Each structure stands twice: as structure tokens, then as C-alpha cells.
Amino acid sequence: MRERIRQEWFGNVRGDLLSGTVVALALIPEAIAFSIIAGVDPKVGLYASFCIAVIIAFTGGRPAMISAATGAMALLMVTLVREHGLQYLMAATLLTGLLQILAGYLRLGALMRFVSRSVVTGFVNALAILIFMAQLPELTNVSWQVYAMTAAGLGIIYLFPRLPRIGTLLPSPLLCIVLLTAVSVGLGLEVRTVGDMGALPDTLPVFMWPDVPLNLETLAIIFPYSAALAVVGLLESLMTAAIVDEMTGTRSDRHRECKGQGLANIAAGLMGGMAGCAMIGQSVINVKSGGRGRLSTLVAGALLIVMVVFLDEWIRQIPMAALVAVMIMVSIGTFSWGSVLRMHKTPLATNLVMLSTVAVVVVTHNLALGVLTGVLLACLFFAHKVARTLLVHSDSERHGATRTYRVHGQVFFASTEQFCAGFDTGESLERVEIDLSDAHFWDLSAAEALTTVRRRFEAAGTEVQLTGLSDASAALLGRFAPAT
């Protein structure tokens, strides 16, 4: 335990400090933008990002993953804020945290094993597209200096690491932000800066209990929003954790992550913030900048609040073009280019699941809906594939007045029609033996299909004998088809 704590916190101090600084700088405009989306003051998103990042550094199940206020969560808050105000949002944030903690104790994180690889790939590609699309407003109807700075930023990000000896001294995204800010200030360029995004807070967050009535009416108002926030937050967090797992070659604790996200959101709600979750873009920035431990997440959150409160005069001057360059780098690095290049080699069903997930997420901006679509399609394709493996065949010749049928495969709702069609119930026989040694019955539909076959044979005066039935199948049939 002591060795694991040392490794998670102090195994990569220099890399975590530098990567955390990059993430803190990139979090500021995003937190402001997400606050605007939700319809609240910019300080609500900034306070939330600070609280969530700091708390999740200690309580989360995935070191080096960044959690803060996010666009996916902000979109779900719009109606609540518009109709009931900030105090109800804070109350909904507290309830969101409680629901996520409950999900952790119920071990609902294990449901992630039902999310196929093609759905995860679609999720990643959709987020990469959304991250890129979010930068377009900063590149539309702007001066040539913005395009030049963005191009220069991308050049710094991709070329600096290639320089011998000095390429590893600083994370290239951090160097991009520092150099472009110096150029912008030194030349007095008229470009959009972080200060143009909105007012930065001038005080630290303080404890704030939501000023709402504690009754069932309040619960009825906030529960639908809290339930949606809890589901989307956990889904995005667990998907992001899976991506960081792959990038770092390590494993995360899903159940701890659920509880940690809950505790972080409760802290945000008590400090005047809004609900948040893991951020794939910032997590990718963190990992690609060298972050590997919990210290990087703590530094990102702590530096965020220090910079916006005490260094606001400097932070306001960061050109948005520098941050756009960083986010374009994240978009390019996040997108799974291999999934597109290999489409002609992968099965059609896999491609359809991936593309459907991408399409739904990009069109609706609803990550949960996109992943749900992908999971349902993957399940349907899997059921269809398994159903096709069912085989019912009989002896080529009758043995007197008896014929033996042998069933191979899985009998369930998608294969019952094929199962019933495999028997010639109109043949004149005294006895039919159905060998089920290589078959398994899974559900009520399967039990009813066997009952139907048996009744058809018996209606023709044929005795039916079942052999080779497994204990699990026998238990199912004994419950739903006792006549067999």
C-alpha cells in the first residue's frame, strides 16, 4: 500500500508538475465556456473545476485523469438553471454526487464490460470531432494574426519534441502557451484572449449550502436532472478512464472512480460550483505532457484557482490562439486514425457500431445517448451472430419408428425461429429423441420454443424424449416449461 501511494504521488514529480501546469492553463477558458453554456456566472465553472480536480486527485480510481466542469454536463443543466436558478443547480449537484457514490457501492462500474471495443472507438472519435468543432468559433471571422499564431503554436507543439537534447525539457504545449503569450503581449497584437471569455473570480470559493427548501417538491424538481448528470458523468468518466488505461498501460479502479466522482461533485456543490466529470481532452493533454500520477491532477486544480485569483492580470493576456493550438493537438491525438484506415478489413457490424456511435454523439452532443446507441447495436449484431450458429440436424435415416435430432448452439430469443424450423413435426414417428448435449437454453423464449416443438410432435402421436440436458438448461426448462 505504501509503495503504491508513493508511486502514484511521487513517482513522476517533474512530469506531473509540468503537465499539471499545462492542464491548468487549458482548463480556464473551457471552464468559463462551460459556465456560459449552463447559463451561470464564469466563477461557477472555475470553482467547480478547482474543487473537482483537487478532490478527485485523492479519491479517484484513475491517476493522471483530469476531472472538472464539462460541456456534456453543462448541457444537461441549462433548463434547470433557466427555470429554477443557481441554488437548485447546487442542490442538484449535491444529489448527483450522492447518486454516484451509491453507484460505486453498488459496483455499477462493472457494467463497463458490456461496452464493446467498437463503441469505445466511436466514443473517442466523436469526442475528437467535438473537441475540434469547439475550436472553430475561435477560427471564424478573425484576423490573419490568429491563423498565424495557431499555425505557429502547432509548429511548436509538434516540432519542439524533435529537437535533440532540449526537446524533453518542457512539455511542448506549455512552451506553446508561454511563447505565444509573450509574442502577443510584446507585439501588442489585437487578438482574442482569455480575458475576453468572461470575468475571472477575485476571491477563493467559500462554503455555500444551497438555499432551497428541503422537501419532496425540491426533490421532484432536481432528481431528474441529478439522475441524468450522474449517469452521463459516470459514463464519460469510466470511458475516459479506459482510454487513459490504454495510453499508460495501467489499470484503474472503476468502483473507486464512481465514489470519487461523487465526493468531488458534493465538494463542488458545497463551494458554489456545478457538477462535473472526467475530461478526455484535458486527460489526453495531461498524459501527452508527461503526467502519470495523482500529483498532476492536484497541481492542475490548485494552480487553476491560484492563477485565476492571484495571477489574473497575466492569465487574461493568454491568446486564445495558443489554447486552440493545444486543443487541436488533443483532437488529432485523440482520434483513432487506425479505426478509419482498417475499415476495409474489419467486419461490417463493427464499422456500423463505431460509425453510429460517432454520428449520434456528434449530432446530439449527448455522450450517453451515443454510447447507448452503440451498445444496443453491438448487442443486436452479437445476438444475430450467435443465433446463426444454431444448428439442428437429424440422422439421415430413421431407426425404425424413431428419429434422433441433435441440437448444437445457443437457444434464446433470437434463435427460436431457427430452432423450431429444424424439426419435421409432420413426419409419422412413434418416438423422437432430441439430443441437447451441445445446446444451452437461455431464456423464456427458448423454453417456449422447446414446448412448442414438443406439443407439435405429441399432437401427431409422437413421443418426445430429451437427452443430454445440462443442469442449467434443465433448471430453466423446469421453471418455465415443466411439462418437458
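Arg6 and Glu3 sit three residues apart in helix H1 (residues 2–10), so about one helical turn separates them. Their side chains form a salt bridge, with the closest N and O atoms 3.0 Å apart. Arg6 is partly exposed, at 39% relative accessibility. Glu3 is partly exposed too, with a relative accessible area of 48%. All of this is read from a predicted model.

**Salt bridges**

The whole structure holds nine salt bridges. Three of them are set out below.

| Pair | Closest N to O | Placement |
|---|---|---|
| Arg6 and Glu3 | 3.0 Å | helix H1 (residues 2–10), three residues apart |
| Glu458 and Arg454 | 2.8 Å | helix H19 (residues 444–459), four residues apart |

Are the two partners buried or exposed? Asp245 has 16% relative accessibility. Arg62 has 7%. The cut-off for buried is under 20%, so Asp245 counts as buried, and so does Arg62.

Glu458 pairs with Arg454 at 2.8 Å between the closest N and O atoms. Both lie in helix H19, about one turn of the helix apart. Glu458 is partly exposed, at 38% relative accessibility. Elsewhere, salt bridges with shared partners join Arg4, Glu8 and Arg294 into one network.

Four strands make an open sheet, ordered S3-S4-S5-S6, with mixed pairing. Which strands stand at the edges? They are strand S3 (391–394) and strand S6 (463–467). Each has a single partner strand, so one side of each is left without a neighbour in the sheet. Neighbouring strands are turned by 20 degrees against each other on average, direction ignored.

S3 and S4 run antiparallel and are joined by four bridges. Across this pairing, His393 stands opposite Arg406 in S4. Helix H19 packs on the sheet and touches S4, S5 and S6. The direction of H19 makes about 170 degrees with that of S5. Helix H19 is also the helix that holds Glu458 and Arg454.

**Aromatic rings**

The count of aromatic pairs is eight. In one of them, the rings of Phe335 and Trp337 have centres 4.6 Å apart. Their planes meet at 50 degrees, so the pair is tilted. Stacked would need under 30 degrees and edge-to-face over 60. Phe335 is buried, with a relative accessible area of 17%.

Tyr405 and Phe423 make another pair, with ring centres 4.9 Å apart. Their planes also stand at 50 degrees, so this pair is tilted. Tyr405 and Phe423 are both buried. Both also belong to a cluster linked by ring pairs: Tyr405, Phe419, Phe423, Phe441 and Phe457.

Lys259 lies over the face of Tyr105, at 4.1 Å from the ring centre.

Ala64 has a phi near 75 degrees, a positive value in a residue other than glycine. Ala64 is in the loop between helix H3 (42–59) and strand S1 (67–68). Ala64 is buried, with a relative accessible area of 1%.

Asn141 also has a positive phi, of about 55 degrees, although it is not a glycine. Its loop runs between helix H6 (117–135) and helix H7 (144–159). Is Asn141 buried or exposed? Asn141 is exposed, with a relative accessible area of 77%.

Note on methods: Residues are numbered from 1 along each chain as its sequence is written. This is a predicted model: local features need pLDDT of at least 70, side-chain atom pairs count only at pLDDT 80 or more; totals for chains, interfaces and linings use all residues. Side-chain values use heavy atoms; hydrogens and water are left out. Rings of Phe, Tyr and Trp (its six-membered ring) pair if their centres lie within 6.5 Å; planes under 30 degrees apart count as stacked, over 60 as edge-to-face and the rest as tilted. Buried means under 20% relative accessible area, exposed over 50%, partly exposed in between (1.4 Å probe, protein chains only). A charge sits over a ring if NZ of Lys or CZ of Arg is within 6 Å of the ring centre and within 35 degrees of the ring normal. Helices (H or I, at least four residues) and strands (E, at least two) are DSSP runs, numbered from the N terminus. Two strands pair if DSSP finds at least two bridges between them. Axes are lines fitted to C-alpha atoms, for helices over the stretch in contact, and angles run from 0 to 180 degrees between N-to-C directions. Contact means heavy atoms within 4.5 Å.
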